[in-house]
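Me: Got a model to go through with you. Can we take it spot by spot?

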Amino acid sequence: MGRWIDLLGHRNAASEPEERFILSIDGGGIRGIIPAIILARLAQDLKGLGDDRPLYSHFDLVAGTSTGALLSLGITLPGLGIRQEAGERTAVRHISRKVFFRKEEVLDGYIVRAGDPACLAGLYLDNAKKIFHQKGRLFGTVFADKYDAASLEDFLLASYGDVRLSAALVPCLAVAYDSLSGRAVVLSSYNEWKDMEARCAARASSAAPLYFPPFYTRDPEGRQAALLDGGLVANDPALVAYCEARRLYPHCSRFHILSLSTARGIYTFNPQEGLTGIAGWAEPVMKMYPSAQMSLVEQSLSCLPDVVYTRISGSVSREKIRLDDTRDESMRILVEGAGKLYEEKKAEIIAYLTRLASRTSLPGVRLEREDALSLTGN
């Protein structure tokens, strides 16, 4: 049997100045098809650059909100119901830095495979109609959520089983919002929430108001929590991820953030062309706040001197595709749009992937180490 070696905080002595890489994935319901396809293309193009290491292993932190949390957990957790990526385990060696009286450590081990990025889009295409299945209600959504959570929870159980966040192969997080405390909640593999089951974290981060009921639980201190969709506070979790990475890696000089959107266009509204009062503002406000929020994240990260921010975003359809639109035509548009978006942004993507492929040390990865393992053959 192998045993896990947690390498968080170790880094190669020759890797000065320290740089870290972050993957961030937006929320957006069925529009998660877009980042799912992009993840598959990223893994494919990395192999094209001669790098056969699993996609997740290149990142020091993987963050997701709502549907992005489902994807983040899917590629960073081992032993799931999601099909595992094919390929041999990758043998690696990590050498930790000497700090004062601390000895240099040499850690040999294997990078193991996790969920296959190539199968993620299929999870949406195969399960979306079951998850977003609206049961007939006498008064529709006036007095009840649009969907029963049972189908979503069945899907999450089949996908993640009972594995806990702490099992993540690299640090990962899902964003949620606790309406009882009025605070954003970071459900991660390394903080006080690490013993939470991954399926529960995904359920909490995906509890979009009006669509699914809140996820009720107890926080690590035993207080009641009503967790709602992370999109209420960070539909683009890149800024949250940066703040978390700053705590995890305090000596890092530069953070390279790859942010995958669900291609929700920028919403604009001219008040002079509409009604005023509740009737006129209700719908625009609901559409403006996530758009404004994501715009603020991009503006903020672009101004930080220690951040290189690569955002994969754009319009994929003239038609507005809602987060629960599971019509075959809508899903086809998302699939085709994701491919076009990838090609439009390919120069930026390949530049980022080239940096990933050039990394000789992956200090955020947990290695599986066998008792008799020796990379030197001794």
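Me: What does K47 touch, leaving out residues up to four places away in sequence?
Reply: D52 and E85. Contact means heavy atoms within 4.5 Å. This is a predicted model: local features need pLDDT of at least 70, side-chain atom pairs count only at pLDDT 80 or more, and totals for chains, interfaces and linings use all residues. Residues are numbered from 1 along each chain as its sequence is written, and side-chain values use heavy atoms, with hydrogens and water left out.

Me: Where does K47 sit?
Reply: In helix α1, residues 33-48. Helices are DSSP runs of H or I, at least four residues, and strands are runs of E, at least two, numbered from the N terminus.

Me: Is S330 buried or exposed?
Reply: Buried, because its relative accessible area is 1%. The cut-offs are under 20% for buried, over 50% for exposed and partly exposed in between (1.4 Å probe, protein chains only). K47 is partly exposed, at 35%.

Me: Which residues is S330 in contact with, neighbours within four places aside?
Reply: E319, I321 and D325.

Me: What joins the side chains of S330 and D325?
Reply: A polar contact of 2.8 Å. That term means a pair of N or O atoms within 3.5 Å; within protein, one must be able to donate a hydrogen and the other to accept it, and residues adjacent in sequence count only if both atoms are side-chain atoms.
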